[in-house]
Amino acid sequence: MERAQMSFSPEVKRAIVEELESGQISLREAASRGHTTVNHVQLWLKEYGKYQPKRDIVEVIMKSEEERIAALEKALAEAHLKLLVQEKIIELASKKYKVDLKKTFGSQRSSSLEEKPKPASGNSARR
């Protein structure tokens with residue numbers, strides 16, 4: 001024996017959903033009244049019900065995540081400031097010692113710089 005698939009008009013579905021939402025009948029009663037299954041009635045609720053879930057995407061950040069993000073942002077800002085200070089120190093030292101420390105830092109040339117004679121001044125070259 002085959003089951004006949006019944007189709008219901010939207011008006012019948014809305015009427016059953018209204019009775020469900022008002023609390024007059026249960027899901028099982030609605031299914032037996034509509035000669036269908038509970039799953040179909042639940043689909044009708046989603047389609048015709050007043051209390052449909054919103055389909056917007058909502059970002060939820062927990063308090064601990066906010067605190068962690070704030071701590072990471074603070075650490076990043078401190079590291080950035082530290083880098084800026086170190087770059088300024090290297091720049092000032094380069095000017096004072098007239099050596100490009102960024103290029104020569106850590107190389108063997110730093111010890112040979114002390115022995116290197118000073119260049120002749122412009123006045124002595126003109127003589």
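Me: A polar contact is a pair of N or O atoms within 3.5 Å; within protein, one must be able to donate a hydrogen and the other to accept it, and residues adjacent in sequence count only if both atoms are side-chain atoms. Which side chain does a polar contact of 3.1 Å join to that of threonine 36?

Reply: This is a predicted model, in which local features need pLDDT of at least 70 and side-chain atom pairs pLDDT 80 or more, while totals for chains, interfaces and linings use all residues. Residues are numbered from 1 along each chain as its sequence is written, and side-chain values use heavy atoms, without hydrogens or water. At 3.1 Å, the partner of the threonine 36 side chain is that of histidine 40.

Me: Where does threonine 36 lie?

Reply: Helices here are DSSP runs (H or I, at least four residues; strands are E, at least two), numbered from the N terminus. Contact means heavy atoms within 4.5 Å, and beyond its neighbours within four places in sequence threonine 36 is in contact with Phe8, Ala31, Val41 and Trp44. Threonine 36 itself lies in the loop between α2 (27–33) and α3.

Me: How many helices are there in the protein chain?

Reply: Along the sequence the pattern is α-α-α-α-α-α-α. The chain has zero strands, and its helix count is seven.

Me: At what angle do helix α1 and helix α3 pack?

Reply: Axes are lines fitted to C-alpha atoms, for helices over the stretch in contact, and angles run from 0 to 180 degrees between N-to-C directions. The axes of α1 (residues 10–22) and α3 (residues 38–48) are 9 Å apart. The two helices are roughly perpendicular to each other, a class that covers 65 to 115 degrees (under 35 is roughly parallel, over 145 roughly antiparallel, the rest oblique). The packing angle is about 95°.

Me: How many nonpolar residues does the contact of α1 with α3 have?

Reply: From α1 come Pro10, Lys13, Arg14, Ile16, Val17, Leu20 and Glu21, which meet Val41, Trp44, Leu45 and Tyr48 in α3. Ala, Val, Leu, Ile, Met, Phe, Trp, Tyr, Cys and Pro count as nonpolar, Asp, Glu, Lys and Arg as charged, and the others, Gly among them, as polar. By these classes the contact has three charged residues, no polar ones, and a nonpolar count of eight.

Me: Which residues are linked in a network of salt bridges?

Reply: A salt bridge is a side-chain nitrogen of Lys or Arg within 4 Å of a carboxyl oxygen of Asp or Glu, and the structure holds two. Glutamate 91 meets lysine 88 at 3.7 Å, N to O, three residues away in helix α4 (residues 63–97). Glutamate 91 also meets lysine 95 at 3.6 Å, four residues away in α4, about one turn of the helix. The network is made of Lys88, Glu91 and Lys95.

Me: What is the relative accessible area of lysine 95?

Reply: Buried means under 20% relative accessible area, exposed over 50%, and partly exposed in between (1.4 Å probe, protein chains only). Glutamate 91 is partly exposed at 34%, as is lysine 88 at 42%. Lysine 95 is exposed, at 57%.
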